[in-house]
Amino acid sequence: MDCSLLRTLVSRYCAGEENWVDSRTIYVGHREPPPGAEAYIPQRFPDNRVVSSKYTFWNFVPKNLFEQFRRIANFYFLIIFLVQLIIDTPTSPVTSGLPLLFVITVTAIKQGYEDWLRHKADNAINHCPVHFIQHGKLVRKQSQKLRVGDIVMVKENETFPCDLIFLSSSRGDGTCFVTTTSLDGESSQKTYYAVQDTKAFHNEQEIDALHATIECEQPQPDLYKFVGRINVYHDRNEPIARPLGSENLLLRGATLKNTEKIFGVAIYTGMETKMALNYQSKSQKRSAVEKSMNVFLVVYLGILVSKAVINTVLKYAWQSDPFRDQPWYNQKTEPEKKRNLFLQAFTDFLAFMVLFNYIIPVSMYVTVEMQKFLGSYFLAWDEEMFDEGTGEGPLVNTSDLNEELGQIEYVFTDKTGTLTENNMEFVECCIEGHVYVPHVICNGQILHDCTGIDMIDSSPGSNGKEREELFFRALCLCHTVQVKDDDSVDGLEKDEVPRKPCVYISSSPDEVALVEGIQRLGYTFLRLKENYMEILNRENNIEKFELLEVFSFDSVRRRMSVIVRSPTGDIFLFCKGADSSIFPRVKEGKIDQVRSRVQRNAVEGLRTLCVAYKKLSAEEYSDVQELLQGAKLALQERDKKLAEVYEQIETDFILLGATAVEDRLQEKAADTIEALQKAGIKVWVLTGDKMETAAATCYACKLFRRNTQILELTTKKIEEQSLHDVLFDLNKTVIRQNGSLTRDTFSGLSADTQDYGLIIDGAALSLIMKPRYDGSSGNYREIFLNICRNCTAVLCCRMAPLQKAQIVKLIKLSKERPITLAIGDGANDVSMILEAHVGIGVIGKEGRQAARNSDYAIPKFKHLKKMLLVHGHFYYIRISELVQYFFYKDKLGEISKREPPKTKQTSNHPSPNTGFGKEFLGGAKWKTKPIYLQVTKEHSPTQEKKRKQKTDCVLRGRGASLQASGVLDVSGQVRSRSSIFRGG
């Protein structure tokens with residue numbers, strides 16, 4: 001963190017909340033407002049340096065050591081090493097110090113190298129040249145020297161150096177196209193809009209003459225939310241205020257596409273940019289084996305402490321006899337007699353701790369880490385998991401969870417893009433009961449290849465003809481699609497307009513599929529130019545509609561609307577959205593016919609949208625404009641105020657029809673789910689789609705089978721009965737059939753018992769998770785979990801991203817503590833991927849955000865089968881055998897040391913036991929009991945020739961000279977190594 005940012009945070013939190021403001025004022029180009037306009041209050045903001053590294057040259061050693069010694073194993077061996085250095089211990093400090101030094105050094109080198117790479121990347125970004133305007137001229141300087149308020153120019157294919165408010169572009173309509181792959185993983189191009197009063201400024205002099213101030217919120221990490229307003233000053237008149245939203249904010253890290261250049265003013269720089277604020281470190285996930293190793297470590301540590309305590313007590317019990325404590329040949333000195341008894345006992349205890357230290361294997365941790373790291377390459381090298389179509393293979397973002405793949409009990413999967421291809425194809429549309437299929441049925445006329453198509457009504461009539469044209473125009477106008485190359489229609493007359501397909505750009509594949517489908521039915525969206533949307537009708541005439549307002553789609557409203565003015569001057573509000581959000585707002589139209597068609601398409605697994613409209617008078621539009629302007633200029637709770645205005649405007653619709661788009665099932669998705677179920681893994685589908693569409697997909701991928709009894713826990717059921725009654729009825733149903741069988745019995749497929757499938761929607765889940773008035777919600781959760789345990793499959797539909805994470809957390813923290821896995825491909829799946837024990841991202845069409853936030857990434861859902869059932873199985877076998885081998889090896893070594901070969905006792909009077917010192921003779925069995933002693937070999941000059949035959953043991957401690965069975969005989973003769981091993 002740089003000093004300026006630290007200063008900002010300190011001033012914020014030390015000054016008190018009363019001095020902290022929720023907004024900031026930015027002076028565009030650092031120009032003060034005109035005199036008398038407002039007070040000029042300069043503010044301090046951080047520079048544009050980005051720091052992603054963890055260490056500096058000065059703090060690397062202390063900070064890295066602190067982080068490494070937070071691990072219980074490293075800290076334990078450090079303590080043992082220090083004890084060996086401080087006191088007189090039986091073993092050398094080298095035995096503990098060298099392995100610990102090796103582990104610490106290797107880890108520090110690895111982490112230091114990784115941080116050095118981060119420093120290099122930071123320097124490359126911070127020293128990147130940037131063009132900005134100074135005194136009407138373009139000047140180049142390093143990116144790190146940018147300041148808030150600088151006006152920056154960015155060219156095509158360049159990334160934005162900081163968060164910018166979009167002022168103008170080289171495009172005449174004041175738009176630009178941006179890809180945000182590095183931010184949210186979305187590879188599609190998004191459209192951004194310049195400020196209305198500045199989009200006409202196209203050169204440096206005009207931009208430099210701009211007098212404006214920007215009021216906006218303080219930095220916050222939400223990529224899709226921004227609230228602000230710009231005040232543009234013209235001479236000494238009152239400033240013109242314009243609202244600023246996320247459509248005007250160009251984020252650092254995004255790339256400019258299909259636009260020659262843009263001008264923008266910096267509002268967030270350095271570590272205050274949204275990109276930097278999203279550098280949130282993921283919570284550290286630990287596998288079950290690692291947790292078990294920690295438990296074993298604590299248990300063995302307890303055994304070690306117990307042995308040390310027992311031996312210390314026995315030592316002092318033995319020394320209670322004065323003869324044993326102070327033998328005639330080894331009297332204590334005066335300092336030794338005056339030494340504190342408790343201090344001496346504590347020193348002896350530590351010495352015994354060091355002596356029995358071999359119980360805990362230090363080498364195991366090094367070997368396990370190496371095994372995990374090298375084992376991760378087996379997954380990356382698997383050629384069968386390489387996808388030829390995308391050119392992608394599996395990615396391992398962490399090797400700490402390899403063995404966890406072999407213990408998965410629950411799989412939570414997204415539907416769109418994970419089970420399906422996310423390749424949208426327009427199938428049909430229904431207009432007031434009349435079905436239209438591209439190239440099959442058009443305008444009610446049955447063509448030659450339309451056999452098997454269900455026609456509700458093939459005679460639209462005169463009134464139906466008008467509604468049909470309104471429907472097609474609505475789909476051509478109600479969207480955020482842009483044409484990639486729209487210059488081909490400039491200056492052409494209507495007869496010269498080519499009928500070749502346009503290349504459309506949109507952040508939503510559904511919208512592209514709808515516009516392309518309507519194009520095959522005769523209506524073509526040409527472009528958006530100077531706030532006019534141009535469409536080509538069936539008569540080859542160009543119609544221009546003025547775009548007045550856009551109500552963007554959001555997951556709460558589940559619909560979007562546009563207000564346009566037709567060439568005849570009529571004002572229309574066109575709206576499209578989910579059936580659940582459109583039908584309650586419709587007052588007129590053939591609702592029953594359209595609803596029946598929507599339900600049929602949903603059952604077939606198609607994605608459906610309903611289309612409606614209403615006509616506005618000039619007075620009504622004026623009122624709408626006033627309401628919208630007031631909500632857009634609000635700096636506080638703008639989203640809430642806009643939602644209230646949208647709710648007020650989007651009412652009293654006339655229903656036009658519905659559309660159906662197909663998202664095909666991925667290859668071998670059904671085989672993968674069937675294999676996982678046979679392996680005893682429960683599969684849950686979590687999706688935001690409607691229940692009918694999601695249920696059809698579940699049947700297609702064999703999650704639900706023909707003999708599966710479907711249980712519904714939906715809003716419709718709860719409206720008919722109370723939540724309490726529905727839950728208890730479902731619980732009775734599953735308990736009556738399954739009785740007292742455990743959940744493991746029902747993990748796989750069973751032919752002898754009834755299979756149950758549960759369908760729950762987001763609203764019902766909210767009621768289950770919501771605390772009751774008495775402050776408890778656990779009862780409902782337990783009943784819900786009991787129902788889920790007895791179901792072979794569960795479908796959760798209409799789920800928000802946060803609810804997906806809640807479901808995963810609910811199962812993860814249940815009393816069985818099962819191992820969970822979440823898999824998804826989009827940004828809305830990141831929350832559940834991070835929540836699960838193992839998160840897997842699918843490298844799909846919705847970008848790479850899920851893959852980047854996951855622990856593992858795979859190209860297709862079908863690769864999950866081999867990943868879990870083959871690689872996961874072998875990972876778990878390898879690590880479990882390795883860990884058990886280490887504990888077994890150490891235990892066996894301890895037993896072998898305690899049970900040496902038996903020898904014949906040659907003395908009826910065992911010598912007294914000794915104390916412990918610096919050498920432990922292999923745990924040898926003495927004639928009396930196992931002892932610890934220090935051996936010093938002394939040789940007189942006359943005895944040097946006979947050194948190999950005789951050894952005098954001089955004991956520094958409490959005993960006399962002893963004969964160690966298996967080592968020394970009664971005469972003090974040293975036995976040969978071969979005789980010891982023979983046991984003779």
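**Note on a predicted single-chain model**

1. Threonine 418 is placed in the loop that joins strand S15 (410-413) to strand S16 (420-431). Helices (H or I, at least four residues) and strands (E, at least two) are DSSP runs, numbered from the N terminus. The structure is a predicted model, in which local features need pLDDT of at least 70 and side-chain atom pairs count only at pLDDT 80 or more, whereas totals for chains, interfaces and linings use all residues. Residues are numbered from 1 along each chain as its sequence is written, and side-chain values use heavy atoms, with hydrogens and water left out.

2. Threonine 418 counts as buried because its relative accessible area is 0%; buried means under 20%, exposed over 50%, and partly exposed in between (1.4 Å probe, protein chains only). Leaving aside residues up to four places away in sequence, threonine 418 touches Thr413, Gln666, Ile823, Gly824, Asp825, Val842 and Phe861. A contact means heavy atoms within 4.5 Å.

3. With residues up to four places away in sequence not counted, its contacts are Cys162, Asp163, Arg252 and Tyr268.

4. Patches are made of residues with over 30% relative accessible area and no salt bridge, with like charges joined within 9 Å and nonpolar side chains (Val, Leu, Ile, Met, Phe, Trp, Tyr) within 5 Å. A salt bridge is a side-chain nitrogen of Lys or Arg within 4 Å of a carboxyl oxygen of Asp or Glu. Phenylalanine 378 lies in helix H12 (residues 362-380) and is partly exposed, at 40% relative accessible area.

5. A negative surface patch is formed by Glu619, Glu620, Asp623 and Glu626; Asp and Glu count as negative, Lys and Arg as positive, and His and the chain ends are not counted. The place of a charge is taken as NZ of Lys, CZ of Arg, CG of Asp or CD of Glu. Glutamate 619 belongs to helix H17 (residues 618-632), and its relative accessible area of 56% makes it exposed.

6. For the whole chain, the secondary structure comes to 29 helices and 38 strands. Of its 984 residues, 49% count as buried.

Notes: Accessible areas come from the Shrake-Rupley method with a 1.4 Å probe; for residues, only the protein chains shown count as cover.
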